[in-house]
Amino acid sequence: MIRTLLLLALVAMPLSVPAATLTSGDSELTVSDDGLITVWRVEPDGSDNIFLSGLYLRRDGETSESTLAAALGLIEEIQDTPDMLRRRYGGNGLDAVVDYTLTGGPEGSRSAILSRSVTLTNTADTPISLTLFDYTDLDIRFNPQDQLDQATLIAPGVIETVSANSPIVITTTVTPTPDAHQITDFLTLYFAFFLDQDGPTALTDTPALGEPF
C-alpha cells in the first residue's frame, strides 16, 4: 500500500445522507457521508470555510480516484460521544475504518485539534495494491482578492499553512510519512486530481522541504 499527501482546493459535493456533527469545547465540524470534513469561520462581514478535507483511494489499474463511500460503500456509523465518530466502509475485498476525534480548546481559545485515523483491511484472497490520498484545502484567507495564505512543508509529512491577514495557523501532520506530496493552486490539481486529464494522479513532491508556496 502506498500513502500519499495531497493539499489543494476542494469542490463541495452533494450529500446523500445528513452529515454528522462533532463538537468539543468551543469547536464544531461536520463530516459528510462520503467523509468530507468541513470547518467554517463566521465573522461580522461574512463567513468562509477554512478547512475542507477528504480521503480518496485508487487501486492499481484504475484511472481515477474515489471517496471511500463511492469505492466501498458505507456499512456502519458509530457516534457514542459528541467529539468522536467512527465510519466503516467495505466492499470489493477491502474494509476501511475511519475514526475522527475533535479536541476543542476552551471557550475563546480559537483553537482545536482534529485527529483522523484510517485502518485498511484486505478481506480478499489475493494482495491489493492501492494509493490513499489525503485531499485537503486549507483556505484560511478571508478576503478572496487577497491571496496571502502561505503553505510550507516544514518536515516530512507536516505542512503548515499561515495567513498573513488573519491570526490563523493550521498544521497538517500525516503519519506514517507519506510517499509523496504536492502543494499548488486549485486549478492545477483540480484538473489533475478530479478530472484526471493526464491519467492517474501522480504527485510531484513540490514545493521541496522548507520552500513555501
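Biologist: Hi! Which residue does Glu160 stand opposite in E14?
Modeller: Glu160 stands opposite Thr171 there. This is a predicted model, where local features need pLDDT of at least 70, side-chain atom pairs count only at pLDDT 80 or more, and totals for chains, interfaces and linings use all residues. Residues are numbered from 1 along each chain as its sequence is written, and side-chain values use heavy atoms, with hydrogens and water left out.

Biologist: Thanks! How many bridges join E13 to E14?
Modeller: Strand E13 (residues 158–163) is joined to E14 by 5 bridges, and the two run antiparallel. Strands are DSSP runs of at least two residues, helices (H or I) are runs of at least four, and both are numbered from the N terminus. Two strands pair if DSSP finds at least two bridges between them.

Biologist: What order do the strands have in that open sheet?
Modeller: The order is E12-E13-E14, 3 strands with antiparallel pairing. Strand E12 (149–155) and strand E14 (169–173) are the edges, each pairing on one side only.

Biologist: Now Thr63. Where is its place?
Modeller: Thr63 is in the loop between strand E5 (46–59) and strand E6 (66–67).

Biologist: Why does Thr63 count as exposed?
Modeller: Because its relative accessibility is 53%.

Biologist: What is Thr63 in contact with, leaving aside its neighbours within four places in sequence?
Modeller: Thr63 is in contact with Arg58, Asp196, Gly199 and Pro200, where contact means heavy atoms within 4.5 Å. Thr63 and Pro200 are 137 residues apart in sequence, yet 4.8 Å apart in space, C-alpha to C-alpha.

Biologist: Last one: where is Leu187 found?
Modeller: Leu187 is in helix H2 (residues 186–194).

Biologist: Why is Leu187 called partly exposed?
Modeller: Leu187 is called that because its relative accessible area is 46%.

How values were computed: Buried means under 20% relative accessible area, exposed over 50%, partly exposed in between (1.4 Å probe, protein chains only).
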